[in-house]
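Here's a quick walk through one model, written for someone who likes to know the cut-offs behind the words. Have a look at it first, and then we'll start with a single loop residue.

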Amino acid sequence: MTNDSPSIFASSKIIAHQERIDAYLKGKNIYPITVELDLTQCCTRSCHSCPYSVARAQGKTLQLPFLEKLFAILGPNTPGLVLSGGEATFAPHFPETVKLAREKGFKEIAVISNGTRLDITEVQNALLEFVTSVRISIYDWQEGDSESFIATLRRIERLRKRIEQEGSSLEIGAAMLTRTDWISRLKPVGLQVLQAGVDWLYFHPFCVDWETYRPVQANQSGVLEAIEDLKKVAPAGSNIQVPVERYLLRPLYFENLHGSHFLIQVGADGINYAGPECKYHPEYALLDLNEYLEQDFLWQEKRLCRLREINSDNYRVIGTKHRPPVFSDFIERLIQAKKWSVENTPAIVHTNFLYPDIV
Ligand code: SF4
């Protein structure tokens with residue numbers, strides 16, 4: 001992969017939708033580029049370090065009438081949809097949900113999955129027919145080739161086979177969390193995952209201390225170098241992706257959480273939160289969509305007011321460097337520079353992206 005190859009993530013990904021940035025900077029109301037939904041809090045795994053373990057205990061799932069209403073508002077105006085969880089494919093109405101999303105107008109649909117249900121025919125059928133990409137989180141690889149890790153690889157292989165047999169456009173990605181302690185396993189595991197038949201392999205930082213006031217990334221020293229080593233030995237054409245900006249030590253700065261106008265998060269409890277990294281925290285609840293879900297829900301003064309209150313000094317989950325604060329920093333740079341054109345943005349700027357509607 002060269003530096004010009006399409007990236008999955010950079011802070012500048014939102015400039016693929018320059019017209020929304022221009023409108024936002026002029027103070028206009030905008031629809032987001034992407035909506036990320038926790039379809040269900042229920043999960044087929046029980047990871048020791050799950051950031052959402054408390055929320056999962058509630059076991060909430062978004063129901064079809066709610067989704068019908070939300071998709072009718074966003075589908076024609078918001079091109080990207082991410083279904084997450086919990087385990088999105090575990091929702092009994094997962095197939096109906098992705099079909100509905102297509103019918104309502106979403107252009108790119110991404111599903112984040114732990115891979116445990118990839119062999120289920122109804123899940124496979126829905127993925128193959130309606131979904132743009134499934135991103136499989138790879139677990140249980142740090143200590144050795146565990147049974148569950150190998151089982152996930154086999155399920156990826158079988159899904160790949162069906163994609164090829166049936167000519168589906170579904171793309172398979174895999175995501176691996178990183179920390180310094182796991183570096184020695186990164187290369188062998190990365191090679192196994194690539195060999196299973198994924199279209200791309202994405203590395204991102206493991207975060208810790210979710211139960212505390214300020215979660216942060218685990219130590220990541222040496223990780224970028226280890227990924228470079230993997231690239232050197234990976235089969236030709238392997239698509240290995242790293243959101244480099246999330247690994248940089250440069251602090252983020254923003255005067256309000258601009259990024260949450262471009263990417264919105266809805267929890268399985270029907271509440272719109274400020275971002276995926278703070279979902280289910282009452283202090284970051286922007287609007288309860290069970291109470292108000294009309295065409296103008298995004299621009300309710302209560303919601304906008306809360307976003308204006310959040311800045312880089314008081315956003316206590318900023319240390320995880322997730323997408324809303326990273327996009328907020330990017331927008332803040334545009335504002336500070338008082339210039340809105342791509343050429344004048346001082347951040348790392350890529351212009352070639354995979355899945356431009358999934359930010
Ligand atoms: S798969 Fe994800 S949501 Fe499920 S328990 Fe593990 S970390 Fe939590």
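Does Thr116 count as buried or exposed? Thr116 is buried, because it has 20 C-beta neighbours inside 10 Å. For the record, "buried" takes 20 or more other C-beta atoms within 10 Å of a residue's own, "exposed" takes 12 or fewer, and "partly exposed" is what sits in between, with C-beta atoms placed from the backbone.

Before going on, some housekeeping. This is a predicted model, so local features need pLDDT of at least 70 and side-chain atom pairs count only at pLDDT 80 or more, while totals for chains, interfaces and linings use all residues. Residues are numbered from 1 along each chain as its sequence is written.

Thr116 sits in the loop between S3 and H5. Leaving out residues up to four places away in sequence, Thr116 touches Thr44, Arg45 and Glu87; a contact here means C-beta atoms, placed from the backbone, within 7 Å. Ala55 is another matter: 61 residues from Thr116 along the chain, with 20 Å between the two C-alpha atoms.

Arg45 and Glu87 also turn up in the shell around the ligand, along with Cys43, Ser46, Cys47, Cys50, Tyr52, Gly85, Gly86 and Asn114. A residue makes that list if its C-beta atom, placed from the backbone, lies within 6 Å of the molecule. Sorted by class, the shell has four nonpolar, four polar and two charged residues. In that scheme Ala, Val, Leu, Ile, Met, Phe, Trp, Tyr, Cys and Pro are nonpolar, Asp, Glu, Lys and Arg are charged, and the others, Gly among them, are polar.

Two of the shell residues, Gly85 and Gly86, are joined by a cis peptide bond with omega about 20 degrees. Gly86 belongs to the loop between strand S2 (80-85) and H4.

Most residues other than glycine have a negative phi, and most peptide bonds are trans.

| Residue | Phi | Location |
|---|---|---|
| Asp140 | about 60 degrees | loop between S4 and H6 |

Helices (H or I, at least four residues) and strands (E, at least two) are DSSP runs, numbered from the N terminus. In helix H3 (residues 64-74), the buried residues are Leu67, Leu70, Phe71 and Leu74. They lie on the same side of H3 because they cover an arc of only 100 degrees around the axis, the arc being that of the directions from the helix axis to the C-beta atoms. Their cover includes strand S1 (34-40) and helix H4 (94-104).

Helix H5 (residues 121-130) buries Val123, Gln124, Ala126 and Leu127. These cover an arc of only 165 degrees, so they too share one side of H5. Thr121 and Glu122, on the other side, are exposed. The cover over the buried residues of H5 includes H4, strand S3 (108-113), strand S4 (133-137) and helix H6 (147-166).

**The core and the whole chain**

The largest nonpolar core has 89 residues, and Val193 and Val198 touch the most other members. Such a core is a set of buried Ala, Val, Leu, Ile, Met, Phe, Trp, Tyr and Cys residues joined through C-beta atoms within 7 Å. Helix H11 (residues 323-337) supplies the largest share of this core, five residues. Neighbours within four places in sequence aside, Val193 is in contact with Ile138, Leu153, Ala174, Val198 and Leu201.

Zooming out, the chain has 11 helices and 12 strands. Its radius of gyration, taken over C-alpha atoms, is 19 Å, close to the 21 Å from the globule rule for 359 residues, so the chain is as compact as a globular protein of that length; the rule is 2.2 Å times the number of residues to the power 0.38. Of the 359 residues, 44% count as buried.

Notes:
Two residues are in contact if their C-beta atoms, placed from the backbone, lie within 7 Å.
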